[in-house]
Every structure is written in C-alpha cells, then in structure tokens.
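Have a look at the picture, then read on.

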Amino acid sequence: MIEFIVKILKVLNSETEPGQISLGLCFSMILGLTPLFSIHNILVLFLALVLRVNLSMFLLGFVVFSGLAYLLDPLFHRLGFWILTTGFLESFWTGMYQTTLFRLGNLNHTITMGSLLFSLALFMPFFLVVNYLIRQYREHILAWVLKLKLVQSLRASRLYEIFQSVTAHGRHT
Amino acid sequence: MKKWFRWQGLIIFAGIMALVILFWVVFLDLILEKTIETYATEANGARVDIGNLDVSLFPAGMKIEDIQITDPDSPMKNALQVGGARFLVNTRLLLRSKVIIDQMSIEQIQLNTPRKKSGALKKREKKSRSAETSNRRDGSPAHGTAKKETFNVPALNTPDIKSILAKESIQSLALAKSLQSDLETEKGNWEKILKDLPDKKKIKAYKARIKKIKKKYKKKKKKKSLTALLYATGEYSDLKKDIEDDLERIEAAAKKYKKQKKEFKKRVKQLAEAPGKDIRRIKAKYSITPKGLSNISSLFIGPRVDQWFQKAIAWYQRVEPYLKNTRKQEKGPETKKPLRGKGSLVKFRENPPMPDFLIRRASISMGIESGSITGILENITTAPEILGKPTTFQLAGDKLKGIKSVHVNGEIDFIDPAQPKHRIDVAVRKYSLENVSLSDDRDFRVALQQASGDIDLNLNLNRERFSARLGSRFGSARFKTDTSKKPGRVISALATTLKNIRKFSFQVTAGGTLDKYSIRIKSDLDRILKSAVKNLIRQETARLEKKLSASIQKRVDGPVGQVMQGYKGYEWIGTELTRRLDLENKLLEELDL
C-alpha cells in the first residue's frame, strides 16, 4: 500500500510530462478493457513500449481497468451486439468479415468490438481530462500534500531516502 | 521525436514477443493436446486420450498418435482406437478460424480394443448404471444394449395319451349321460300314458260287447246288418263313439311320440358322431403341425440380427449430432454462443461460404480381426448444408483372413438437416463362419460349425425411416446338433436333416423408424426342415389319432351302448302305440261290416 502511494506520488511529483502519464493511462484503458489476447493489444503494447509513455501508470492502469472490465462487460456486449447487428452497417461488416485481419482480430465478437469501440471513443476525452487533472494537482494540491504531517514523516523515513535515490537515479538516465 | 521515442522499448517489445512465440512453440503441442482431449471427452461422454501430438507451423499441420476413444457404455473398452493421424491445414483459412483439411491420413483404426484403465467420467458412471437398470426394468434397449432372446423350440414332442385324456374333457360321455337320463325319464312317462290308453283288455271288452249285441238280435231272422240293428238300438252308436274316442287318444299320443322320437333320434345321431368329434378336436390340439417350423430361421438368426441393428442405430444416433447443423437458419447475421466465456460471435455471410470444419479427403486404414481394410472418406464436415455435398465413404478389404473381400460404400447426406438421406452398401465375399451358436436350448442345441458364403446388404435412411435388405448365400455348411438323451422322433429328424444340409440362404428385410422397426427373416432352411419332417409329422399325427381313437372309443363304448339299448326300449313304445292303433282301427272295421 505504501509502495502504491509512493509510486503514485513519484509519478505525480516526477518530472514526467502530464501527457506521458495520460497517454500511458489511455493505452492501459484499451489493454485493460478489451480481451487481453486480442490482436490489437499487440499494437497497444508496442506503442506503450516504444513511445515515451509512463510505464508505471500503464501497468497500474491495466490492473485497474481489467477489474473494471468485468463490471462493464455486459455493457460492452450490448454495445458490440448493437453495432454488429445494426442493419445499415451490415454490408460494411459483411465486407470486413471476408478479411483475414477482421477474423484474426475476433472483431465479430460482441465484447471485443464493444470494448474496443468504447475505449477508442473515450481515448481522446480521457487523455484530455487526465492531462488537465494532473496539471491542476501539481499546481494547487501538491503544496498542501507536502505540508501534511504524514507526508513529512514519510519523507523523513529511510524508505523515502531509498525512494529519492531511485528517483534521482532515474532522472539521470 | 527523440523525446517521444524510446529505443529500449523496441528491444523490450521484441523480447516479449520472442518469449510469447517461444512459449507457444514449446507448449503449443501440450496445450492443444489437452484442449482436444477436454473437448472430445465432453462430446463423447467418456475419456478421449491422446498419446502424442505434434504441431507443425510451416506448413500448418498436426500429427496425432495413439488416440483412444472410450466406449461410454463399456468404459474398459475403446469404441475406436487410432494408431495415428496426420494432416495439413489450410493456413490462410485457419487465420479465419476455419479448419479446412485437404488431405488427412488415419492409420491403424481398431474397434473394441481393451483399455488399461477405465475411461468413464465420474458423473457418467452413475448415469450409465441407472440407465442400464431402468432399461432392464422396461426391457427396452438403448445405446447398443440388446435384449437377450431365448430360442424356444416349437413343441415337437407329443405328450402321453393318458395325460392328454386326463386334461381334456370327452364331450361324448356327457352327451351320453344326458341322453340316457332323458330317455329313462320319457320311458317312464310313456309307460304311464300307455297304462291309460286302451289295451288288449279293453279291446277284448269291446269285442265282447259287439258279440253280446250280435247275440241279442240273432233271434230275428231278418238278415239285416248288425250295424243297422245296432244303429237302430243306439248301443251301436255308443260303442262306436267309445272306440273312436279311444282311437283319437291313441292317435294324439302317437303324434306326440313321433315328434319326441324325432328329437331323440337327432340326439342319438349326435351322440354317434360325438366320439369322432372328440378325437378330431384333441388331435388338432396336440398333434405336431409344420406351422411351428415355418419360421425357424428367425429363431436361429433373429436375435443376432436385432442386436446388430440396435448397435448400428445407437452409433448413428451418437454420431448424428456432429454431422449436421442443428442451428436454425436465420436471415441476416447469425449469432453463435462461444463454448466458453461471455458475449456472442456474430457470423456474417461468407463469400464463398465455407464450413468451420471440413476434411475434404481422408484416407484410412482399419485393422479388424481378419486383416486390414483401407478406404477413403470425403467431405467430412459439421456444416454439410454450407458445403453442399454429402459425406461419402468407400472401404475395401481383400484377402483377409476368413473373408475373400469386403466392400463398403455409402453416403451420409445432411445437406438438408430436416430431410437426411443416407445409404450404405456392403458386399462381403466368401465370408467364413466357424462355430456359430444358433440355439442354446437344452433339448435342441444347434451350432453352425462352418460355412462360407456371400453377404449383400443395402441400407437406406430417409428422414426418420429406414429400410434394409440383407441377402446371403452360404455353402460348404456343416451344422452340429446336440439333443437331450431321449429326443422325440421329430427332433431327431430335424437334427438329421440339419446335419445333411450343405448349403442355405437367408434374407432379412427390416424397416420402420429408428425407435420402432420390424425385422422379417426368410430362409430356405424353413422349407428344407418343413419338408424333411412333413412325412414324419404325418405319421406321428396318424399314430396319435389311432391311439386317441382307441382310448376314447374304449371310454365311450359302454355309455353309448347303454343309450342305444335305452333308445331301443323307447322305440318299443312306438311299436306298441301302432299296434293299439291297428287294433282299434280293426274294431271300427268290424263295426262297419
């Protein structure tokens, strides 16, 4: 729990750009909400590793969104079913169904399609919102948090020294 | 650009991908093996074990060794055991979740092989035990378990005459007793009537009166007729009236007697015929009829044939769900629930349409007791309505041990699932039979020691109704019979005839629905056995008739003789009535003189 808080604080207090943190979270949303072993997640993983996104948030976000996915699966199923069976898109999907990529990606599966569409639709708004929240936190809340006795005692602890040394080491690389 | 791009990430990604690929390469065989075993076990209802599975990626294919498919009804036996199967899969279509195999070879197929350990699933063990019990209770077979038939030899030994007569009632005795009693009663009644009717005494009295009247008027010399004289006096008329009254009474009695005598005569005639009827009735009940031998072939072969049909139907019902598409055809995209997990798979129209699973051609080799059979199966699929072609198979075996050749070909057509049409043709040449038990009856055991012949079978199934025709001709036949210590003459004759039979044929026709069907068996054995014992049966029947006739006659002669005597006594009454009538008439004539 302490590590979790430390990581969050580290991320929030690090010099990592808010955009990098937000992008990490957005990629983790796609990875977490959609079925894990889907073809599109190879692309997501690739982008998360190759682009300078915050990997900690990416992993943490994946855990959180995976948990959320179980609760949202019925919604994804309904969304996927509607989009795949709606009349005016039938010829489009029929055309897509003839392609190997569509079949390999299992995009005719209601939950896969529903969750992918959901996460893609939310990608940009989520990115902007998280970005804004991080900036606001750093501007207005960070100073207040640093004044808290709990935080001060944590900063005085051996644990924090180690944390600082890691952070410092990370900053240099 | 450098700010957003992480070169190390590329290396990490490549590393992760390499690990994943390595994992699949190393564990794919095991994962697939376990997955196939799991799904196949679930579908079969009993364990399906795979000895070894090798997957090749380029080209995509598989080699499977030692497949054992447990018979759910006999968990210690494999319904099917396959030595090895090899096939390549169309990679392009595999990426579209379609398993399309152009060529497959399946080797060393064996049926009914023993297993080292039970292949029953825990839940299935209880279910099959209770199913067996319930089937035994109502007697209806299921999944290949057949009712064991017992061979009942037609009643070929005639029972003892004494025991027959002890059991059967002789109606002529009852008739005689009843007739005797009635005759005695009526005789008594008539004796009373005769006492009242004018007898000799009265006739004598009448004659005395006539004489008296004649004497009275003798003195007168006028030769006038007595009648006139008497008439004149009135005594004549009284006398005449008396005589006429008596005559009337006698005539009335005679009329009544005549009517009664007619009845008795009829009954006496019936009594005379009754012993003959008794003999015929009892003879018909106890004599040996060739009818009992008219379908002996069905007793020999019927139970076995019924078992084959039940097993074939059970296997067909087991395999049928996998060979046809049971989903209803929907307009537009079709949704299909995946085997596991949530959500649904939406299937759109394909161009060209392609089933999810298809083996275009499979070459098989099958080991049976006599040798091996090879064959070709084509178009094996779970969606024949999409493929538009039926599944066909051709199997052939030559120079097998005990069989010169066997050819099987047919097709399974589920293109229209609502109207399945299937056909199987089997031709077996020079099939050798050895030591086949045909009857276990302790009085008449029959076994076919050896025979060699041809069998042709044609089976058609159209919707739920099937028809089958099996014809066979066997030569070089030797039957072995074993009878009880004292067999009857007819059983001995049957046994001798069977021993001399060198060739025979039988035809089986069956038809009906899979749940309710009938089997008819015809064979020249019926005709041969019938004609062999026909004369013997005739002699035996004549002997029975003679003995029966003698015994019955002996029993009824006494009572019938008594009745005849009694009837003679009754006839005397008629004679007496006639005599009295004549006497009265003569008196009247005397009066007229």
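What is the area buried between chain B and chain A, and what percentage of it do carbon and sulfur atoms give? The answer is about 2,900 Å², with carbon and sulfur atoms giving 61%. Buried area here is the accessible area (1.4 Å probe) that two parts lose on being put together, summed over both.

A word on the ground rules. This is a predicted model, where local features need pLDDT of at least 70, side-chain atom pairs count only at pLDDT 80 or more, and totals for chains, interfaces and linings use all residues. Residues are numbered from 1 along each chain as its sequence is written, chains are lettered from A and ligands numbered from 1 in the order in which they are written, and side-chain values use heavy atoms, with hydrogens and water left out.

Back to the interface. Chain B puts 28 residues into the contact and chain A puts in 34, contact meaning heavy atoms within 4.5 Å. On the chain B side, Trp4(B), Arg6(B) and Phe348(B) supply 26% of the area that chain B buries against chain A, more than any other three residues.

Now the charges. Over all chains there are 28 salt bridges (a side-chain nitrogen of Lys or Arg within 4 Å of a carboxyl oxygen of Asp or Glu), and the count between chain B and chain A is two. Here are a couple of salt bridges from the model:

| Pair | N to O distance |
|---|---|
| Arg349(B) and Glu90(A) | 3.8 Å |
| Glu168(B) and Arg281(B) | 3.5 Å |

Glu168(B) sits in the loop between α4 (161-167) and α5 of chain B, while Arg281(B) is in helix α8 of chain B, so this pair ties together parts that are 113 residues apart in sequence. Helices are DSSP runs (H or I, at least four residues), numbered from the N terminus.

Those helices also meet each other. The axes of α5(B) (residues 171-196) and α8(B) (residues 235-286) come within 9 Å and cross at roughly 165°. Axes are lines fitted to C-alpha atoms over the stretch in contact, with angles running from 0 to 180 degrees between N-to-C directions. That makes α5(B) roughly antiparallel to α8(B), the label for angles over 145 degrees.

Over in chain A, α2(A) (residues 18-33) and α3(A) (residues 40-50) pack at about 155°, axes 10 Å apart. That makes α2(A) roughly antiparallel to α3(A). Their contact includes Phe27(A) of α2(A) and Val44(A) of α3(A).

How values were computed:
Helix = DSSP H or I, 4+ residues; strand = E, 2+ residues; numbered from the N terminus. Parallel < 35°, antiparallel > 145°, perpendicular 65-115°, else oblique.
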